[in-house]
Amino acid sequence: MFQDIAIEELMAAYNNNEITLIDVRSPSEYKDSTIPGSLNIPLFNEEERAEVGTIYKQNSSEAAKERGLEIFSAKLPHFIKTFAAIDGPKAVFCWRGGMRSRTAATVLDLMGIHAQRLQGGFRTYRQWIVKQLDAIDFTPEAYVLHGNTGTGKTLILQELAKQEYPVLDLEGLAGHRGSIFGEIGLEPNNQKMFESLLFHELDKLKSSPYILMEAESKRVGKVVLPGFVSQKKQKGLHIFIDMPISERVNHILEDYLPWEHHEECLEAFMRIKRRIHTPIAAQIEEDLKSGDYHAAVRLLLEHYYDPRYEFHENNYDENKRINLRVQNSSEAIVKIKEIIEKRQPAHTVL
């Protein structure tokens, strides 16, 4: 008989990479939010889940269970084969630790494949995440990167992360670049998934003496940052990167690939068009429609993004800010590493 596993025990094994987690909910539930790193081996697809749910509401739970087992029986050989290919300890979960995960764990046990079941299901995990974020004591000092749109702050953070510097990439966790054009070409996360990813990332970084992060607002796309993250940013050392506009335009073109997302770029621009002086807005729209993205991006920077940035630039204490004038992101990375080495000589790279 399979065994239930409590969330605390499961997370301990998860953090040590000692267990594989399998979400047996439908693909849409899995896509909405899951435990990061989990595999999706669903018992039912969307149509089957809806059918079983309808039977449950209109008839009875017993009738729903019978239909569910009938549907699942046809998939059983493939289901067993898929699980058998996964090495090591395994745990399954559904929404509440109910019929779907119980059925999966029971059938696997009968076939000689041991899999534990998360007690309380994904709902319990979600409650655990909220509790952990509420209670977290995150002590590393923050080095906060600022700069006009297109400075390549995310690119800089990603490169530093590759070099094993402790980086908290909030835009990466949100699946959004934090602007009106921010989700073009990306798959944004909702609040539930963002908070899960955020907690596990903070847990990895908690023993570091410092972290590097970008100066995000309280909202990044569809998600809202927890208050303690905003406070950590506010109290950090603020590094302002000044880079030529020509380099910034190139960063934006390389990142957004507007020629591959033509209609999305136009739609996003129309949402801010009224905030830009009419003749300039008309020129930007014409450039976007004609495919002159270089000209459109430069005008957007000069007449929309840069003026907005200058307003926010004065909100930080002069004693906790460093100004870097650089020609490109490579130079910025070198200078940021020099700043860290001077302040954290024994802990530059973890």
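Helix H12 (residues 262-270) and helix H13 (residues 278-290) pack with their axes 10 Å apart, at an angle of about 170°. Angles over 145 degrees count as roughly antiparallel, so H12 is roughly antiparallel to H13. On the H12 side the contact is made by His262, Cys265, Leu266, Phe269 and Met270, and on the H13 side by Ala281, Ile284, Glu285, Leu288 and Lys289. The model described here is predicted.

Helix H15 covers residues 329-343. With 15 residues at 1.5 Å a residue, H15 should span 21 Å, and its end C-alpha atoms are 21 Å apart, which agrees. Its buried residues are Ser329, Ala332, Ile333, Ile336, Ile339 and Ile340. These cover an arc of only 125° around the axis, and therefore lie on the same side of H15. The face turned away from that buried side carries the exposed residues Ser330 and Lys342. The cover over the buried residues of H15 includes strands E6 (141-147), E8 (210-214), E11 (237-242) and E12 (321-325), together with helices H7 (153-162) and H11 (245-256). At the start of H15, the backbone nitrogen of Ser330 has a side-chain oxygen of Asn328 within 3.2 Å.

Helix H10 (residues 227-235) has the buried residues Val229, Ser230, Lys232 and Lys233. Seen down the axis of H10, they fall within an arc of 155°, so they line one face of the helix. Among the elements that cover them are E6, H8, H9, E8 and E11.

The loop between helix H8 (170-174) and helix H9 (191-205) contains His176. Pro188 lies in the loop between H8 and H9 as well.

| Residue | State | Relative accessible area |
|---|---|---|
| His176 | buried | 6% |
| Pro188 | buried | 16% |

Both values can be read against the cut-off for buried, under 20% relative accessible area. Leaving out residues up to four places away in sequence, His176 touches Glu171, Gly182, Glu183, Leu186, Val220 and Gly221. With neighbours within four places in sequence set aside, Pro188 is in contact with Ala174, Gly175, Glu183 and Lys222.

Methods: Residues are numbered from 1 along each chain as its sequence is written. This is a predicted model: local features need pLDDT of at least 70, side-chain atom pairs count only at pLDDT 80 or more; totals for chains, interfaces and linings use all residues. Side-chain values use heavy atoms; hydrogens and water are left out. Helices (H or I, at least four residues) and strands (E, at least two) are DSSP runs, numbered from the N terminus. The expected span of a helix is 1.5 Å times one less than its number of residues. Buried means under 20% relative accessible area, exposed over 50%, partly exposed in between (1.4 Å probe, protein chains only). The arc is that of the directions from the helix axis to the C-beta atoms. Contact means heavy atoms within 4.5 Å. A polar contact is a pair of N or O atoms within 3.5 Å; within protein, one must be able to donate a hydrogen and the other to accept it, and residues adjacent in sequence count only if both atoms are side-chain atoms. Axes are lines fitted to C-alpha atoms, for helices over the stretch in contact, and angles run from 0 to 180 degrees between N-to-C directions. Angles under 35 degrees count as roughly parallel, over 145 as roughly antiparallel, 65 to 115 as roughly perpendicular and the rest as oblique.
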